Amino acid sequence: MDDYRRTKYCPELDNVRKKKEHIKNKIKEEHPRAQDVHAYISNNSGSLKKEFMKIYNDKCAYCGVSNDLLPKNYFEVDHFLYEKAPLFKSKKDAGYIENLVLACHDCNHNKSSFYINSEQYKNLHPDQEGIKKTFVRDKKYYIRVNDDFVHNEDINKFYNQLQLGSELHRLDYLLMNIIGMKRTHMDDKNLYSGLGRIEDILRRKRNIM
């Protein structure tokens with residue numbers, strides 16, 4: 001796959017910027033003076049959170065874990081450039097739509113106040129094509145830094161900060177493949193049952209990590 005975050009059963013990200021702009025416009029229609037759109041999108045009980053998640057196919061924009069594995073409230077609206085970054089005068093300034101991405105709880109909190117150098121935006125921002133070349137899946141399904149970036153200090157710090165190479169993210173990827181296979185083989189009872197048993201084993205392993 002050309003995107004380490006998705007399996008062959010996961011749809012590709014499509015028109016992310018356009019769809020995010022649509023959400024921003026919806027907010028502006030109801031709240032013309034709104035600057036920090038994060039405050040509206042991050043509300044778990046609101047419809048905008050669900051719509052925002054759909055833009056990312058209900059998957060973490062960093063590690064790729066899906067809503068099939070984690071509940072909705074475990075996904076958060078992350079500030080790609082953290083709220084207290086030096087370029088922002090206030091937290092509200094960080095809440096513009098282009099700076100918001102969907103992240104699982106682990107990636108969001110591991111990332112925390114990690115400072116991303118402007119030179120690495122194109123390589124690390126989840127909405128950019130570059131991130132697909134920055135990180136890859138190896139033959140054992142771990143997320144790795146692409147060979148072209150192994151000596152890039154900023155990218156390696158980001159990779160380690162988010163713990164992208166962890167066993168947890170490998171298990172999530174395997175589980176998403178199993179779930180995808182189950183959905184495409186529902187008519188084959190034996191195969192479906194066997195895949196279900198494998199899924200149960202992997203889920204139990206994941207839950208103790």
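The following paragraphs lead through the fold of this protein and then turn to one of its residues.

The model is predicted, and local features need pLDDT of at least 70, side-chain atom pairs count only at pLDDT 80 or more, while totals for chains, interfaces and linings use all residues. Residues are numbered from 1 along each chain as its sequence is written, and side-chain values use heavy atoms, with hydrogens and water left out.

The protein contains nine helices and four strands; these are DSSP runs numbered from the N terminus, with helices (H or I) of at least four residues and strands (E) of at least two. Their order from the N terminus is α-α-α-β-β-α-α-α-β-β-α-α-α. The radius of gyration is 18 Å, close to the 17 Å that the globule rule gives for 209 residues, so the protein is as compact as a globular protein of that length. This radius is taken over C-alpha atoms, and the rule is 2.2 Å times the number of residues to the power 0.38.

Of the 209 residues, 47% are buried, a term that stands for under 20% relative accessible area (1.4 Å probe, protein chains only). Among contacts with a separation of 6 or more, 64% join residues 24 or more positions apart, where contact means heavy atoms within 4.5 Å.

Aspartate 172 belongs to helix 8, which covers residues 167-184. This aspartate 172 counts as buried, at 3% relative accessibility. Neighbours within four places in sequence aside, aspartate 172 is in contact with Val65, Leu69 and Arg206. The C-alpha atoms of aspartate 172 and aspartate 68 are separated by 9.8 Å, although the two residues are 104 residues apart along the chain.

Methods. Buried means under 20% relative accessible area, exposed over 50%, partly exposed in between (1.4 Å probe, protein chains only).
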